[in-house]
Amino acid sequence: MRRLLPVTDMTAAETEGGTAAGPAAAGPGAGGRASAGPAAAGPGAGGRASAGPAAAASAAASGPGSSASGREWSLDELADAYAYPALPAGEGAWLRANMVSSLDGAGQHDGRSQPLSSDADMRIFGTLRGLADVVVVGAETVRLEGYRPARAREAFAARRAAAGQGPAPVIAVVSASLNLDFSLPLFTEPLVPTLILTGAAAPPDRVRAARAAGAEVLTAGDGAGVEPARAKAALAERGLRRQLTEGGPRLLGQFVAAEALDELCLTVSPTMTAGSAQRIAGGPSVAVPTRFAVASVLEQDGFLFTRYLRI
Ligand SMILES: NC(=O)c1ccc[n+]([C@@H]2O[C@H](COP(=O)([O-])OP(=O)(O)OC[C@H]3O[C@@H](n4cnc5c(N)ncnc54)[C@H](OP(=O)(O)O)[C@@H]3O)[C@@H](O)[C@H]2O)c1
């Protein structure tokens with residue numbers, strides 16, 4: 001993993017040697033390595049650096065003296081890089097989205113986002129969950145991607161405890177129909193009860209079925225659907241202020257249109273899919289494009305891990 005932006009002395013050290021530490025130089029006590037994936041070799045490991053055409057292209061692009069993708073960052077370093085901003089005591093919420101897109105703008109391939117992803121992308125996906133109070137997700141993504149409850153991960157345990165968070169984020173499913181399989185572990189086996197965000201006109205029998213399965217149903221809209229800004233506020237009122245949405249595109253588009261999205265963590269996957277896949281945000285267009293400023297860019301194996309903040 002290399003930091004491309006913001007450019008710092010550390011960035012230069014990384015591109016020269018490929019072994020310098022990330023933002024929080026992982027000294028004693030840095031966690032995460034134990035639970036890192038199969039490619040979690042320590043500093044100096046060259047496996048990814050010499051792997052495949054994507055890595056070679058990235059090495060060429062980064063100029064003379066550079067070292068392809070450098071070493072893999074620990075989960076602790078990733079958690080530091082993606083820390084939520086400090087929120088004013090007792091008020092407000094920060095909603096970030098984590099999405100992956102192909103080079104030609106596809107947000108899925110064959111109905112899933114996994115073909116666009118990578119090991120490093122999944123580590124960042126897991127890190128963002130590890131930092132969040134709540135993961136907000138559209139019902140179609142739950143149905144298509146077979147969502148399971150969030151896990152408590154040792155790598156984030158101390159950080160979560162220090163931040164006053166429970167062992168795992170709450171999953172909040174946004175649905176108008178509540179046409180969900182309530183016998184799934186997402187509803188029957190979570191560490192913390194799964195929330196369902198819906199409108200006041202939700203079908204009463206489905207609301208009863210959700211509650212019987214152990215889910216909590218929250219109303220955040222006067223009609224059939226959820227009002228995005230109201231959902232954000234309702235979660236914040238419950239103390240779920242560090243919010244993460246994992247889409248899908250129809251839900252994300254509504255957060256954008258409501259100006260409720262504060263940050264986008266976008267993985268640019270070095271793939272092209274052609275076809276007619278959804279983009280990462282759908283629904284009605286906004287009147288004026290919403291502007292974001294780039295906050296950071298990391299790279300591994302040709303994947304760009306970008307972070308944008310709404311201006
Ligand atoms: N590229 C990525 O990072 C990424 C991330 C996530 C998902 N995806 C892909 O995106 C696809 C699914 O996304 P999608 O856009 O079709 O669906 P989605 O946004 O995940 O879910 C849409 C559903 O959410 C509910 N919903 C949305 N807005 C609502 C509102 N305001 N009030 C009440 N309910 C609301 C409705 O559920 P009901 O029908 O139950 O009422 C609606 O049918 C999948 O192929 C998935 O793989 C990609």
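One term before we click on anything: a residue is buried if 20 or more other C-beta atoms lie within 10 Å of its own, exposed if 12 or fewer, and partly exposed in between, with C-beta atoms placed from the backbone. This is a predicted model, where local features need pLDDT of at least 70, side-chain atom pairs count only at pLDDT 80 or more, and totals for chains, interfaces and linings use all residues. For your selections, residues are numbered from 1 along each chain as its sequence is written.

**Colour by confidence.** Start with pLDDT, the predictor's confidence in each residue, from 0 to 100. The protein chain has a mean of 84, and 80% of its residues reach 70 or more. Now select 17-67: pLDDT stays under 50 there, and the model has 86 contacts beyond four places in sequence for this stretch (a contact means C-beta atoms, placed from the backbone, within 7 Å). Where pLDDT is low, the predicted coordinates should not be read in detail.

**Show the sheet.** Switch to cartoon; helices (H or I, at least four residues) and strands (E, at least two) are DSSP runs, numbered from the N terminus. You'll find an open, mixed sheet of 10 strands, in the order β1-β9-β10-β8-β2-β7-β3-β4-β5-β6. Select 2-5 and 216-219: these are β1 and β6, the edge strands, and each has a single partner, so one side of each lacks a neighbour in the sheet. Neighbouring strands are turned by 25 degrees against each other on average, direction ignored (axes are lines fitted to C-alpha atoms, and angles run from 0 to 180 degrees between N-to-C directions).

Next, pick 292-300 and 303-310. These are β9 and β10, antiparallel and joined by 8 bridges; strands count as paired if DSSP finds at least two bridges between them. Gln300 sits opposite Phe303 in β10.

**Slide over to β5, 195-198.** Leu195 and Leu197 point one way, Ile196 and Thr198 the other, and all are buried. On one flank, β4 (170-174) pairs with β5 in the parallel sense over 3 bridges, with Ala172 opposite Leu195. β6 also runs parallel to β5, joined by 4 bridges, and here Leu197 faces Leu218.

**Now the ligand.** How many residues surround the ligand? There are 30, and the closest are Gly138, Glu140, Gly225, Gly247 and Gly248 (the cut-off is a C-beta atom, placed from the backbone, within 6 Å). β2 (94-102), α5 (139-145) and α10 (249-257) each supply at least two residues of the shell, and α5 gives the most, with 5.

**Stay with α10.** 7 of its 9 residues are buried, so the helix is largely enclosed by the rest of the structure. Highlight Pro249, Leu251, Leu252, Gly253, Gln254, Phe255 and Val256 to see the buried ones. They pack against β2, β3 (134-138), β4, α9 (228-237) and β7 (242-245).

**Last stop: Leu261.** Look in the loop between α10 and β8 (263-269). Is Leu261 buried or exposed? It is buried, because 24 other C-beta atoms lie within 10 Å. Not counting residues up to four places away in sequence, Leu261 touches Leu95, Ala97, Phe255, Val256 and Arg310. Try the distance tool on the C-alpha atoms of Leu261 and Thr245: they are 16 residues apart along the chain and separated by 9.1 Å.

Key
Two residues are in contact if their C-beta atoms, placed from the backbone, lie within 7 Å.
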